[in-house]
Amino acid sequence: MKVPSPGAPSLLLRLTTEEGAVGYGEVAAESPREAGAALEELAPLVVGKDPRERGAVWERLAWAVEWPGGANPLAAALLSALDLSLWALAGPATGLPVHTLLGGRYLRQVDTYAYYAAESEGADPPAGGVLV
């Protein structure tokens, strides 16, 4: 298993509740087919569970993933995508915005950071960016 390279194909994960609410997550994987197969194996741990119990669902998922010799990049990406989907579902399920579920408003403004790696020597930076 290797870390997905920049531009690796993405797999869009969509979780839908019985009430019709939808939560999305995304996985960048060298093999979307492999990621899809792994998601199928994890599905029974998510299907039918209450999205308001996101922490318990995530714990079950984390324990179900084998970590021989350390973290598996694909497993970590899948857990992340499922976690994002569950957070997106927990908001409507509780009637609260996700930022409230995450602890509420803390800052009025958040500094951002962007990283750009030039593919080749002499490449032009993105608009407004600089090459380092």
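**Helix packing around α3**

**View 1. Helix α2 packs against helix α3.** The axes of helix α2 (residues 54-64) and α3 come within 10 Å and cross at roughly 165° (axes are lines fitted to C-alpha atoms over the stretch in contact, and angles run from 0 to 180 degrees between N-to-C directions; helices are DSSP runs of H or I, at least four residues, numbered from the N terminus). The two helices α2 and α3 are therefore roughly antiparallel, a term for angles over 145 degrees. The model is predicted: local features need pLDDT of at least 70 and side-chain atom pairs pLDDT 80 or more, whereas totals for chains, interfaces and linings use all residues. Residues are numbered from 1 along each chain, and side-chain values use heavy atoms, without hydrogens and water.

**View 2. Residues join α2 to α3.** Arg 54, Val 57, Trp 58, Leu 61 and Ala 62 of α2 meet Leu 79, Leu 82, Asp 83, Leu 86 and Trp 87 of α3 (contact means heavy atoms within 4.5 Å). This contact has eight nonpolar, no polar and two charged residues (Ala, Val, Leu, Ile, Met, Phe, Trp, Tyr, Cys and Pro count as nonpolar, Asp, Glu, Lys and Arg as charged, the others as polar).

**View 3. Helix α1 meets helix α3.** Helix α1 (residues 32-42) and helix α3 (residues 73-94) pack at about 60°, with their axes 11 Å apart. Glu 34, Ala 35, Ala 38, Leu 39 and Leu 42 in α1 touch Leu 74, Leu 78 and Leu 82 in α3. Here, seven residues are nonpolar, none polar and one charged.

**View 4. The end of α3.** Gly 95 follows α3 and has a positive phi, near 75°.

Definitions and conventions: Angles under 35 degrees count as roughly parallel, over 145 as roughly antiparallel, 65 to 115 as roughly perpendicular and the rest as oblique.
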